[in-house]
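Q: Can we walk through this one together? I'd like to start with charged side chains, then move on.

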Amino acid sequence: MKIQVDGRKARGEKRREEIIAAALRVIERDGVAGVTHRTVATEAGVPTASTTYHFSSLDDLLIATLISCARDMATEVYWMIDRARSRGSRGAEEVAGLLAQALGPRRGRTMAEYELYLLAARKPELRPAARRWLDVLTSMVRHDDEVAFRVFLAGIDGLLIQGLIDDEPPSADELRPVVDYLLKPR
């Protein structure tokens, strides 16, 4: 039995993903304040009507962008955890490498993601999407000590925020001792 794929639905979903990716690029370049249906449409190379069709409000677009970021981060963290486990590692090297990437080559995206997360403090309708990546991460990582795990997550957030305001991004080697400390059993 061959499954019939609705081409219009697939194209619509592809267009929606292109608009979300364009919104993230606008945030990287101009901040959340730069997001309008028009700026995102221009960035995506689509008519403005397309952005308003897929996202009736800017909040809908920002929520979708946050969810997309959470999904991407969860996927990346899942594979990082898988690599660490396959090597018998506690993950300090892998986490330090991920942070160094987030603060170096992917700095713009990291800033955009944090700007979206901080926007959720002002806009309650964005909060569930902002918390989503923590929920996903918590479900993926085995931990016996809830307090130690929360300290680890807070430490990672702190390292990222501090790294974003540094003139030079820290290297994985510089981050590793801090990450190793955060991962030590208590």
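Q: What do the side chains of Glu113 and Arg109 do?
A: In this predicted model, they meet in a salt bridge, 2.8 Å from N to O.

Q: Where do Glu113 and Arg109 lie?
A: Both are in helix 6. They sit 4 residues apart, about one turn of the helix.

Q: Is Glu113 buried or exposed?
A: Buried. Its relative accessible area is 6%, and the cut-off for buried is under 20%.

Q: How far apart are Tyr114 and Tyr117 in helix 6?
A: 3 residues, about one turn of the helix. Helix 6 covers residues 107–122.

Q: Are those tyrosines buried or exposed?
A: Tyr114 is buried at 13% relative accessible area. Tyr117 is buried too, at 17%.

Q: Back to charges. How many salt bridges does the count come to?
A: 13.

Q: What does Glu18 pair with?
A: Lys14. The closest N and O atoms are 2.7 Å apart. Both residues lie in helix 1, which spans residues 7–30, and they are 4 residues apart, about one turn.

Q: Exposed or buried, that pair?
A: Lys14 is exposed, at 53% relative accessible area. Glu18 is partly exposed, at 29%.

Q: And what about Arg87?
A: Arg87 forms a salt bridge with Glu94. The closest N and O atoms are 2.4 Å apart.

Q: Which residues are linked in a network of salt bridges?
A: Arg25, Arg29, Asp30 and Glu43.

Q: New topic. How is the protein chain divided?
A: Into domain 1, residues 1–56, and domain 2, residues 58–183. Their C-alpha centres lie 25 Å apart.

Q: How many residues are in contact between the domains?
A: 17 residues of domain 1 contact 15 residues of domain 2.

Q: How much area do the two domains bury between them?
A: About 1,300 Å². Carbon and sulfur atoms carry 74% of that.

Q: What is the salt bridge count between the domains?
A: 1 salt bridge between domain 1 and domain 2.

Q: And what do Glu17 and Arg71 do?
A: Their side chains meet in a salt bridge, 3.5 Å from N to O.

Q: Last topic, confidence. What does the pLDDT average over the protein chain?
A: The average is 88, and 94% of the residues score at least 70.

Q: Which elements have the lowest and highest mean pLDDT?
A: Helix 7, residues 127–140, has the lowest, with a mean of 76. Helix 2, residues 37–44, has the highest, at 98.

Notes:
Residues numbered from 1 in each chain as written. Predicted model: local features only at pLDDT ≥ 70, side-chain atom pairs only at ≥ 80, totals over all residues. Heavy atoms only, no water. Helix = DSSP H or I, 4+ residues; strand = E, 2+ residues; numbered from the N terminus. Buried < 20%, exposed > 50% of the residue type's maximum accessible area, 1.4 Å probe, protein only. pLDDT = per-residue confidence, 0-100. Domains from an automatic or database assignment. Contact = heavy atoms within 4.5 Å. Buried area = accessible area lost by both parts, 1.4 Å probe. Salt bridge = Lys/Arg side-chain N within 4 Å of Asp/Glu carboxyl O.
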